[in-house]
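Please study the sequence and the three-dimensional structure shown below. The paragraphs that follow lead from the whole protein to selected residues.

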Amino acid sequence: MGLVRPDDEQRGRSIEVISLELELKQQAKRYMELGFHRELGLTEQEYLESLPKFFTQPESYKGRFDTPLLVETRIPAARLADLSSFEDPNYYAPGGWYLDLLDWEGDPKKFRIPNKPYTTWLNNSEMNLKESVDMIRANLKEDERMATIFDGIALYTSQPGILETRNIIFGGSVFKSGFESGSVPWLRNWYDRPGLDSLDANEKLQPGYGNVTCGRKLGFKD
């Protein structure tokens, strides 16, 4: 009797699952190298066990949201920036404007940053170059949301080379107060280190700037 082999579709799913497992381990390894687990008081094994899995990329995401990303939210954004060697982390210390970031209130489905890590699929801004944040927001698809500062830090941490080609913007977060009120954060290369700045949501962007958006579905650990 010959061997019973899975069909091409089954083999394809198996390869995708294995690839996603490896990608998750790679991103988690990078986070542990930066000390995320120690910040949470966890061993490496405990940290790995606390993380969600990547969910299979939906068909509707393909060609739109092709980057799987593990997003850590249990550590404050300012501390994540510090651990990730952002330029002048003291600028984001308690009381600084960095901590005055809020979720964008205009999100069509009222997305709020979860208090536990999640996985998502995103486009890394290649599809949203030059358009203003307001323009991207106004044309979000049903399954699409603006990336937040936590998505942005995770994207840079897992793909530090991204800033060599463009600046990336996160319209899912807004500054709460002061002259920055209503502006959105963006990340750029600053003397070979990542640095945060702000821009107006209605500002038309230069060619080297791109908005990051994510698939609306989130993967959470039960």
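This is a predicted model: local features need pLDDT of at least 70, side-chain atom pairs count only at pLDDT 80 or more; totals for chains, interfaces and linings use all residues.

Residues are numbered from 1 along each chain as its sequence is written, and side-chain values use heavy atoms, with hydrogens and water left out.

The protein contains six helices and eleven strands; helices (H or I, at least four residues) and strands (E, at least two) are DSSP runs, numbered from the N terminus. Of its 222 residues, 49% count as buried. Here, buried means under 20% relative accessible area, exposed means over 50%, and partly exposed lies in between (1.4 Å probe, protein chains only). Helix H6, residues 149-158, is mostly covered, with nine of its ten residues buried. Among these buried residues are Phe150, Ile153 and Tyr156.

Phe150 also belongs to the surroundings of Thr73. Thr73 touches Phe150 as well as Ile113, Pro114, Asn115, Lys116, Pro117 and Tyr118, not counting residues up to four places away in sequence; a contact means heavy atoms within 4.5 Å. Thr73 itself is found in the loop between strand E1 (67-71) and helix H4 (77-83). Is Thr73 buried or exposed? Thr73 counts as buried because its relative accessibility is 9%. Its side chain reaches the backbone oxygen of Pro114 at 3.0 Å.

Charged residues come next. Side chains of opposite charge can pair when their charged atoms come close. A search of the whole structure finds eleven salt bridges, a salt bridge being a side-chain nitrogen of Lys or Arg within 4 Å of a carboxyl oxygen of Asp or Glu. One of them joins the side chains of Arg79 and Asp82 (2.7 Å, N to O). Both residues lie in helix H4, three residues apart, about one turn of the helix. An α-helix has 3.6 residues a turn, so residues three or four places apart point the same way. Arg79 and Asp82 are also linked with Glu39 in a network of salt bridges.

Another salt bridge is formed by Lys109 and Glu142, whose closest N and O atoms are 2.9 Å apart. Lys109 lies in the loop between strand E2 (101-103) and strand E3 (118-123), and Glu142 in the loop between helix H5 (133-138) and strand E4 (144-146), so the pair ties together parts that are 33 residues apart in sequence. Lys109 is partly exposed at 44% relative accessible area, whereas Glu142 counts as exposed at 60% relative accessibility.

Key
A polar contact is a pair of N or O atoms within 3.5 Å; within protein, one must be able to donate a hydrogen and the other to accept it, and residues adjacent in sequence count only if both atoms are side-chain atoms.
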